[in-house]
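Please look through the sequence and the coordinates shown here before reading on.

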Amino acid sequence: MIDFAFFVEIIPTLLSGLPLTLQLAGLSIGIGFALALLLALAQQGNHRMLVWPIRSFVAVFRGTPLLVQIFLIYYGLGQFRPTLQAVGLWWLFREPYWCAIIALSLNTAAYGSEILRGAIQGVPRGLVEAASAFGMTRLQTLRLVVLPLALRQAIPSYSNEIILMVKGTSLASIVTLMEVTGIAQGLISQTYRAVEVFVAAGAIYLTINFTIISALNALETWLTPYRVRA
Amino acid sequence: MTDTLHILSVGKGGWGGALLLAAGVTFALSVLGFLLGALFGAVAAGGRLSTRALPSWVAKGYGTVFRGVPDLLTIYLLYYGGSIALTEIGKFFGSAGFVGLPTFATGVLAIGIISGAYQAEVYRGAYLAVDLGQFEASKALGLSRFQSLRLVIVPQLMRHALPGLGNVWQLVLKDSALISVIGLVELMRQSQIGAGSMREPFVFYIAAATLYFLIAAVTGSVFRYGEARAWRGMVHA
């Protein structure tokens with residue numbers, strides 16, 4: 001019943017999309033995290049002029065589908081080609097690759113900033129006061145007290161977000177990028193064997209996600225040696 | 001600017017009506033998919049909570065697969081897998097050519113399966129949050145297992161489940177845009193059609209984003225209202 005020969009045939013084809021999937025995920029998660037941290041920190045000061053635009057950005061990117069965001073950046077901004085050419089950004093918005101990365105990064109930055117904002121606010125006030133009583137500057141307090149605690153606290157929620165991003169990279173196939181899901185779709189329409197292709201492609205994604213979850217769990221345990229986990 | 005307004009107007013030559021109608025399809029697709037997902041999720045949560053090995057493993061596998069695999073891949077599996085099976089059946093009865101699955105029903109099923117995997121986690125967590133004494137008390141009152149679930153546990157469980165369900169609903173609404181890839185004319189697909197035909201992608205995708213945002217905002221406040229109602233009369237930390 002199960003045709004192993006078929007799996008042997010399609011798995012290398014599917015794996016040829018893996019580098020692209022990993023690139024899209026890695027770059028957008030990295031850029032997104034940096035942005036998310038900036039956005040979360042910028043909101044700590046409670047400056048209205050800063051907080052309000054950030055909250056709007058977050059609300060917009062969390063309240064609309066990722067697919068719409070990708071289309072808006074790739075097709076929508078393509079409409080402003082002369083302007084983009086004039087400011088020298090056309091090379092960026094011309095490529096589906098960069099458009100997908102921009103959309104994925106902004107999307108995960110919006111979700112991530114909320115996770116990090118919560119984690120930073122969760123750092124006990126007394127610790128911050130103690131740090132300032134020690135004579136630490138604000139930057140020192142942030143670097144030595146607040147961020148280590150907050151980032152560790154954020155790991156479980158952030159690993160969920162990372163998994164969602166890995167899954168999100170599949171949408172890049174809709175703007176012509178042949179990553180794993182794009183190749184899978186091509187294989188299905190060529191071979192008419194949806195179940196086998198789904199199993200093989202699904203196994204690739206499950207492996208990626210399982211690896212990420214295990215790594216982040218290990219990181220969390222390593223950072224909390226005093227907390228014995230049940 | 002007047003051009004934009006004209007394109008999005010509801011009247012003759014405008015796309016506003018079509019977009020609003022498509023937003024209705026998106027809403028109906030999401031609601032039905034979410035409800036089907038509630039059914040799958042409740043069954044899977046039951047499986048996860050079961051002390052027997054088989055239901056627990058099956059439910060765990062269901063959750064792992066459909067929360068770990070891209071939703072797009074699941075949608076392709078259902079649509080192409082279903083259509084291929086249907087085409088084979090068609091061939092058997094002498095019809096030639098590809099028979100496509102009905103896209104709306106496939107979309108509902110896909111969203112049901114995907115959101116069910118997420119809802120299962122919500123229901124399981126909520127079930128575990130109900131105080132053990134409530135189970136004992138309903139047993140002491142002589143209620144049957146089903147009665148105690150229906151009259152005592154589920155009403156209290158829903159209190160804990162609502163915030164999580166609200167999150168899943170938002171996920172469902174945004175996921176419904178992916179159903180456009182199998183050709184169902186919902187909001188995303190309609191915007192693509194409009195964008196292609198008027199050569200104004202920016203206007204159409206901004207319009208689509210706005211409509212998604214509005215649906216998300218309004219339904220989100222419904223969930224918040226439901227939550228406040230569910231907790232009325234309780235001291236809520």
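**A walk through chains A and B**

This is a predicted model, in which local features need pLDDT of at least 70 and side-chain atom pairs count only at pLDDT 80 or more, while totals for chains, interfaces and linings use all residues. Residues are numbered from 1 along each chain as its sequence is written, and chains are lettered from A and ligands numbered from 1 in the order in which they are written.

The secondary structure of chain A consists of 11 helices and 0 strands, where helices (H or I, at least four residues) and strands (E, at least two) are DSSP runs numbered from the N terminus. The C-alpha trace of chain A spans about 70 × 55 × 25 Å along its principal axes. Of the 230 residues in chain A, 38% are buried, a residue being buried if 20 or more other C-beta atoms lie within 10 Å of its own, exposed if 12 or fewer, and partly exposed in between, with C-beta atoms placed from the backbone. Among the contacts in chain A with a separation of 6 or more, 79% join residues 24 or more positions apart; two residues are in contact if their C-beta atoms, placed from the backbone, lie within 7 Å.

UniProt, in an unreviewed entry, places the feature "domain: ABC transmembrane type-1" at residues 18-217 of chain A; UniProt positions are given in the numbering used here, feature names are shortened, and annotations may be inferred rather than shown by experiment. Over residues 18-217 of chain A the model is 82% helix and 0% strand, with the end C-alpha atoms 23 Å apart.

One helix pair in chain A can be followed in detail. The axes of helix 7 (residues 96-121) and helix 9 (residues 138-168) of chain A come within 9 Å and cross at roughly 150°, the axes being lines fitted to C-alpha atoms, for helices over the stretch in contact, and the angles running from 0 to 180 degrees between N-to-C directions. Helix 7 of chain A is therefore roughly antiparallel to helix 9 of chain A, a label for angles over 145 degrees, whereas under 35 counts as roughly parallel, 65 to 115 as roughly perpendicular and the rest as oblique. The residues in this contact include L104(A), Y111(A) and I115(A) from helix 7 of chain A, and A150(A), Y158(A) and E161(A) from helix 9 of chain A. By class, the contact residues divide into 11 nonpolar, 6 polar and 1 charged; Ala, Val, Leu, Ile, Met, Phe, Trp, Tyr, Cys and Pro count as nonpolar, Asp, Glu, Lys and Arg as charged, and the others, Gly among them, as polar.

P124(A) lies in the loop between helix 7 and helix 8 (125-133) of chain A. P124(A) is exposed, with 10 other C-beta atoms within 10 Å. From P124(A) to A150(A) the C-alpha to C-alpha distance is 9.9 Å, although they are 26 residues apart in sequence.

At the interface, 30 residues of chain A are in contact with 29 residues of chain B. Helix 11 of chain A gives the largest share of the side of chain A that touches chain B, 8 residues. That side has 19 nonpolar, 10 polar and 1 charged residues.

For chain B, the UniProt annotation "domain: ABC transmembrane type-1" (unreviewed entry) covers residues 19-223, a span that is 83% helix and 0% strand in the model, with end C-alpha atoms 25 Å apart.
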